[in-house]
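This report describes selected features of one protein model. Please keep the sequence and the structure in view while reading.

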Amino acid sequence: MAEGHTITIEQDARRVRVVRDGEVLADSTRALLLRETGCPERHYIPPEDVRTELLTPSDTTTYCPFKGHASYWSLPGAQDLVWAYEEPKPGVAAIKGHLCFYETQVDAV
């Protein structure tokens, strides 16, 4: 990691639900909570707890120098709403294959 940049990942003990426009997209008791310097907290959810049948693969990819290459998925009317790191860097290997969401309501209870 770069000087002063940290990423921590921990198992979130709470139930995490992801809702967009009133529709539940994910419901998990196995989400990982990722905290990264300068970024909002993000929940990474195992694909088994995500309604992946609603998602369409996107051609979009991005690169994070700390996490690696990300792939994206979309919902109708919500391009690139979801992303995952299929081959994350060793320091964040725990998030491999887990899905994370933009522009959604994430409730952790």
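How many aromatic pairs does the count come to? The model under discussion is predicted, and by the rule applied the count is 3 aromatic pairs.

## Aromatic residues

One of these pairs consists of tyrosine 44 and tryptophan 83. Their ring centres are 6.4 Å apart and their planes stand at 85 degrees, so the pair is classed as edge-to-face; the cut-off for that class is an angle over 60 degrees. Tyrosine 44 belongs to strand β5 (residues 42-44), whereas tryptophan 83 belongs to strand β8 (residues 78-84), so the pair ties together parts that are 39 residues apart in sequence. Are these two residues buried or exposed? Tyrosine 44 has a relative accessibility of 2% and therefore counts as buried. Tryptophan 83, at 5% relative accessibility, also counts as buried. In both cases the reason is that buried means under 20% relative accessible area.

Tryptophan 83 also forms an aromatic pair with tyrosine 72, and this pair is tilted, with 6.3 Å from centre to centre and 35 degrees between the planes. Here too, distant parts of the chain are linked: tyrosine 72 is in strand β7 (residues 68-75) and tryptophan 83 is in strand β8, 11 residues apart. Both tyrosine 72 and tryptophan 83 are buried. One aromatic cluster is formed by Tyr44, Tyr72, Trp83 and Tyr102.

## The sheet from β6 to β9

In what order do its strands stand? The open sheet is formed by 4 strands in the order β6-β7-β8-β9, and their pairing is antiparallel. Strands β6 and β9 (100-101) stand at the edges with a single partner strand each, so one side of each has no neighbour in the sheet.

Strand β6 (residues 56-64) pairs with β7 in the antiparallel sense over 6 bridges. A hairpin of 3 residues joins β6 to β7. Two positions illustrate how these strands face one another. Threonine 56 has serine 74 in β7 as its bridge partner, and tyrosine 63 stands opposite histidine 69 in β7.

Strands β2 and β3 run antiparallel and are joined by 5 bridges. Arginine 20 has glutamate 23 in β3 as its bridge partner. The two strands form a hairpin with 2 residues between them, and aspartate 21 in the turn has a positive phi of about 50 degrees.

## Serine 28

Strand β3 (residues 23-28) includes serine 28. Why does serine 28 count as buried? The relative accessibility of serine 28 is 2%, so this residue counts as buried, because the cut-off for burial is under 20%.

A polar atom of the serine 28 side chain lies 3.4 Å from the backbone nitrogen of alanine 31. Which residues does serine 28 contact when its neighbours within four places in sequence are left aside? Serine 28 is then in contact with Arg14, Arg15, Val16, Ile45, Pro46 and Asp49.

Key. Residues numbered from 1 in each chain as written. Predicted model: local features only at pLDDT ≥ 70, side-chain atom pairs only at ≥ 80, totals over all residues. Heavy atoms only, no water. Phe/Tyr/Trp six-rings, centres within 6.5 Å; stacked < 30°, edge-to-face > 60°. Buried < 20%, exposed > 50% of the residue type's maximum accessible area, 1.4 Å probe, protein only. Polar contact = N/O pair within 3.5 Å; in protein donor to acceptor, adjacent residues only side chain to side chain. Contact = heavy atoms within 4.5 Å. Pairing = 2+ DSSP bridges.
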